[in-house]
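Please look at the protein shown below. This report describes how its chain is arranged and how some of its side chains pair.

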Amino acid sequence: MALAKLGLAAVVLAMLLAGGMCPGSQPGAGGVTSSGLFVYIVRAGGGSSLWVGNREGSILSQLGVGFYPPCTPTDGVSLSPDRERVAFAMPTDGQLNDIYVIARNGQSPPINITNTPSVNESDPDWSREGNSIAYAANGDIWSVRPDGSAQRNLTNTPDLVEADPSWSPDGSRIAYTLNPDLPNSEIETIDLDTATRTPVAADKDLDEFGPSWSPTGGRIAFSGRPIGSQVTAEVVDIYVVELATGQRRNVTNARGDVLCVGPAWSPDEAQIAFRGTRKGEPYSHIWSVRPSGSGAGLLVSESGRSETHVDWR
């Protein structure tokens, strides 16, 4: 069902039927279920915090409480493949972002694994093998091991800007946004062995950004914004492209009623989580939708605050 057709009552009903949850209303801890875990950022009262939960509500916890530095994530979060650690971007000493890693069990403080005071870093994405974290810095895509060693520039393009990295399941390629701050940004992939670059869904009438590679590798979800004189309002939807055929589908089709950004696949590839902001409302929340475009509903929502970046594994 398109988001544009969902009234408030329908959204609440869809959330309940889907097992959606509201942070703070269903505390608890338990084992990881088949639905996996999602990690997300909460913004409230001028600050931010890092949370992890599951669809059933049996797991819900805030990470980094009581440690220094406190967890104040900004641009991007990523859960490790074993679901035991979280990578996120956070300002160091109130300055530029570094990439940090924290254990999900909450028993240790966050660790700065990049430690580059003069460089702003964002958009971490953990490889499926768990041995590398990709991130954006200085207009390039970099990688680093979870222990902070082996920092490497993967794209090294002084004349281009790349952001929003997403690993392929086999670790051989990375999808990213090309020139995200320019009109008609595109999604490309780069082969890490050959440096071959391949456009994913180039469309002169669509700004494409924020790719998320599906767990089985056959599809990429991304955010798309129509451009041109025919667009009279801010419209951002989640699209899915089939890599074998190039066929593209608008799976949210919100028509500007909800701005949809930052897709993240569920581990079984049955759902796509994303950040949605209803037209005229000050707060964003985490939604989910099936790749077919059906079953849209709230996944994480609480009044008076925003839930932003999300990763699901």
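## The protein as a whole

The structure is a predicted model. Its secondary structure consists of one helix and 24 strands. The protein has 313 residues, and 53% of them are buried. The exposed surface comes to about 13,200 Å², of which carbon and sulfur atoms supply 51%.

Contacts in the chain can also be sorted by sequence separation. Among contacts with a separation of 6 or more, 44% are made by residues 24 or more positions apart.

## The sheet from β12 to β15

Strands of a sheet pair through backbone hydrogen bonds, and the pairing is either parallel or antiparallel. In which order do the four strands of the open sheet that includes β12 lie? The order is β12-β13-β14-β15, and the pairing is antiparallel. At the edges are β12, residues 162-167, and β15, residues 197-199, each of which pairs on one side only. On average, neighbouring strands in this sheet are turned by 30° against each other, with direction ignored.

The pairs can be followed across the sheet. Four bridges hold β12 and β13 in an antiparallel pair, and E162 has L178 in β13 as its bridge partner. These two strands form a hairpin with five residues between them, where G171 takes a positive phi near 75°. Next, β13 is joined to β14 by six bridges, again antiparallel. Here Y176 has E188 in β14 as its bridge partner. Strand β14 covers residues 186-191 and is joined to antiparallel β15 by three bridges; I190 stands opposite R197 in β15.

Is strand β13, residues 173-178, mostly covered or mostly uncovered? Five of its six residues are buried, so the strand is mostly covered under the cut-off of 20% relative accessible area. In a regular strand, side chains alternate between the two faces of the sheet.

## The sheet from β16 to β19

A further open sheet has four strands in the order β16-β17-β18-β19, paired in the antiparallel sense. Its edge strands are β16, residues 206-213, and β19, residues 248-250; each pairs on one side only. Neighbouring strands of this sheet are turned by 30° against each other on average, ignoring direction.

Strand β18 spans residues 237-242 and runs antiparallel to β19, with three bridges between them.

## Cysteines

A disulfide is a covalent bond between the sulfur atoms of two cysteines. How many disulfides does a search of the whole structure find? The number is zero.

## Salt bridges

Side chains of opposite charge can pair when their charged atoms come close. The whole structure contains eleven salt bridges. One of them links R248 and D203, with the closest N and O atoms 2.8 Å apart.

D205 and K204 form another salt bridge, in which the closest N and O atoms are 3.5 Å apart. D205 counts as partly exposed at 37% relative accessibility, whereas K204 is exposed, with a relative accessible area of 64%.

The salt bridge between the side chains of R313 and D311 has an N to O distance of 3.2 Å. Are its two partners buried or exposed? R313 is buried, with a relative accessible area of 9%, and D311 is buried, with a relative accessible area of 9%. Salt bridges with shared partners join D125, D311 and R313 into one network.

Technical notes
Residues are numbered from 1 along each chain as its sequence is written. This is a predicted model: local features need pLDDT of at least 70, side-chain atom pairs count only at pLDDT 80 or more; totals for chains, interfaces and linings use all residues. Side-chain values use heavy atoms; hydrogens and water are left out. Buried means under 20% relative accessible area, exposed over 50%, partly exposed in between (1.4 Å probe, protein chains only). Contact means heavy atoms within 4.5 Å. Accessible areas come from the Shrake-Rupley method with a 1.4 Å probe; for residues, only the protein chains shown count as cover. Two strands pair if DSSP finds at least two bridges between them. Axes are lines fitted to C-alpha atoms, for helices over the stretch in contact, and angles run from 0 to 180 degrees between N-to-C directions. A disulfide is a pair of cysteine sulfur atoms within 2.5 Å. A salt bridge is a side-chain nitrogen of Lys or Arg within 4 Å of a carboxyl oxygen of Asp or Glu.
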